[in-house]
Amino acid sequence: MPSAIDPCALPELIHPDDALPMLLGQVDAISEVTTLDLTDALDFVLACDIQSSLNLPPFDNSAMDGYAFRLDDLDHSQSSTSLTLVGTSLAGHPFAGKLTDGCCIRIMTGAPVPNGLDTVQMQELTQANDKIITITHPNKLGANVRGLGEEVSIGQTVLSKGTRIRAAELGVLATLGVAKVNVIRKLKVAFFSTGDELKPVGTELQQGQIYDSNRYSIKGLLSKAHVDWIDLGIIEDCPLAIERAFSNAAEQADLVLTSGGVSVGDADYVKQVLDKVGEITFWRLAMKPGKPFAMGKLENAIFCGLPGNPVASMVTFYQLVMPLIEKMQGQRQTQRLKVQAKLTNDIRRKPGRVEYQRGVLTHDNQGRLSVTTTGAQGSGMLTSMSSANCFIHIPLKQGKITAGESVTVEPFNQILS
Ligand code: AMP
Ligand code: MG
């Protein structure tokens, strides 16, 4: 299959801001829907809107432990009024007696407020003398009453298609009485590392070998992204082996990810094989770390070739692959939080690429943010990621930055932390 763009005819690096929409434009959300018990639905994405079949709250109820009465029964020329106690309403045990003029009932949090009563005073602002309850006047009608339907009314759309189900959504769905939910099925992602120098952990290293770390960091990211992960191990730097691994991966997965072999080295075969058996959409980004990054298609699967350098592979995953996965999973794109913080150390650099330096973001006791880089920023130094809690975004044309200047910081979200 011919490539969409001949990589050799691409002298320019692609700005990551342009790469992301190009990348997202290549993929659709998977359309297969599965029905799950609510208990199994955490981290899945809703396949349809959820309309409420209930009012929330479903009945007027008390927000306090205290006494319920009719506001009109109070003597407003006084600061307090004595009312006659005629019964009790407990959560799950509504008051079933008869109301009389000038009466009140004892009521607990969550207990139904009977028809005919409209206001609750908290216990601390009342005095009880047997059946006579003296109430310090509340300042408004309906005080301490959670009204029927005040949060949600029947038929209202409460959660929309594309929402990822987190703990709060699980709770909202349970509040609505939803026992089963339609969600997008899990995305299948196949991953392999490439490199003759790579050895799996648990084996002895020979001269010139290193342990394969990318399979672990990417696996960590993929588990947080809630996908089904297919680990295809380490593949040697050999075009035939890579071709076989591609075909194996594309048969099983919606998305194929690899690490290494996408640069211009003599043993970098990933891009070459992709060009032969698939399609390259783009390659090489104006990103630091992360210049060698290939995107394309392999049969029916989407392909992303991450750089081999461990920091570069994590950064490109986070900045590009993660939004891609979210789109494929049918999740609505959410804005990532970026803040301004005062840099505490100088950053020396040459303009030309958007840089994602690793930093530690802190705040003082007035909430003012400052950020310090995690020291040496080599794209192979994975400890710079592990000691960081944010990326410092440095624009393409920016040169040296001096301590005290304000910089744009992207705190790690739950995927990275
Ligand atoms: P490559 O992109 O294949 O040219 O690799 C760039 C650098 O990343 C080289 O120093 C590789 O040894 C290293 N590297 C590649 N893949 C991995 C991996 N899976 N784990 C750790 N380091 C890697
Ligand atoms: Mg390599």
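Okay, first the ground rules. This model is predicted, so to speak about local features we need pLDDT of at least 70, side-chain atom pairs count only at pLDDT 80 or more, and totals for chains, interfaces and linings use all residues. Residues are numbered from 1 along each chain as its sequence is written, chains are lettered from A and ligands numbered from 1 in the order in which they are written, and side-chain values use heavy atoms, leaving out hydrogens and water.

Let's start with the whole thing. The protein has seven helices and 26 strands; here helices (H or I, at least four residues) and strands (E, at least two) are DSSP runs, numbered from the N terminus. The C-alpha trace spans about 95 × 50 × 40 Å along its principal axes. The radius of gyration is 30 Å, whereas a compact globule of 417 residues would come in near 22 Å. That radius is taken over C-alpha atoms, and the globule rule is 2.2 Å times the number of residues to the power 0.38.

How much of the protein is buried? Buried residues make up 46% of the 417, where buried means under 20% relative accessible area, exposed over 50%, and partly exposed in between, with a 1.4 Å probe and protein chains only.

Now look at two helices, α4 (residues 239–252) and α5 (residues 270–277). They pack at about 55 degrees with their axes 10 Å apart. Axes are lines fitted to C-alpha atoms, for helices over the stretch in contact, and angles run from 0 to 180 degrees between N-to-C directions. So α4 and α5 are oblique to each other; under 35 degrees is roughly parallel, over 145 roughly antiparallel, 65 to 115 roughly perpendicular, and the rest oblique.

Who touches whom? Pro239, Ile242, Glu243 and Phe246 in α4 meet Val270, Val273, Leu274, Lys276 and Val277 in α5, contact being heavy atoms within 4.5 Å.

Most residues other than glycine have a negative phi, and most peptide bonds are trans. Leu56 and Pro57, though, are joined by a cis bond, omega about -10 degrees, and Pro57 sits in the loop between β2 (50–51) and β3 (61–62). Another cis bond joins Lys288 and Pro289, with omega about -5 degrees.

Then there's Asp130: not a glycine, yet its phi is positive, about 55 degrees. Asp130 lies in the loop between β8 (126–129) and β9 (132–136), and is exposed, with a relative accessible area of 68%.
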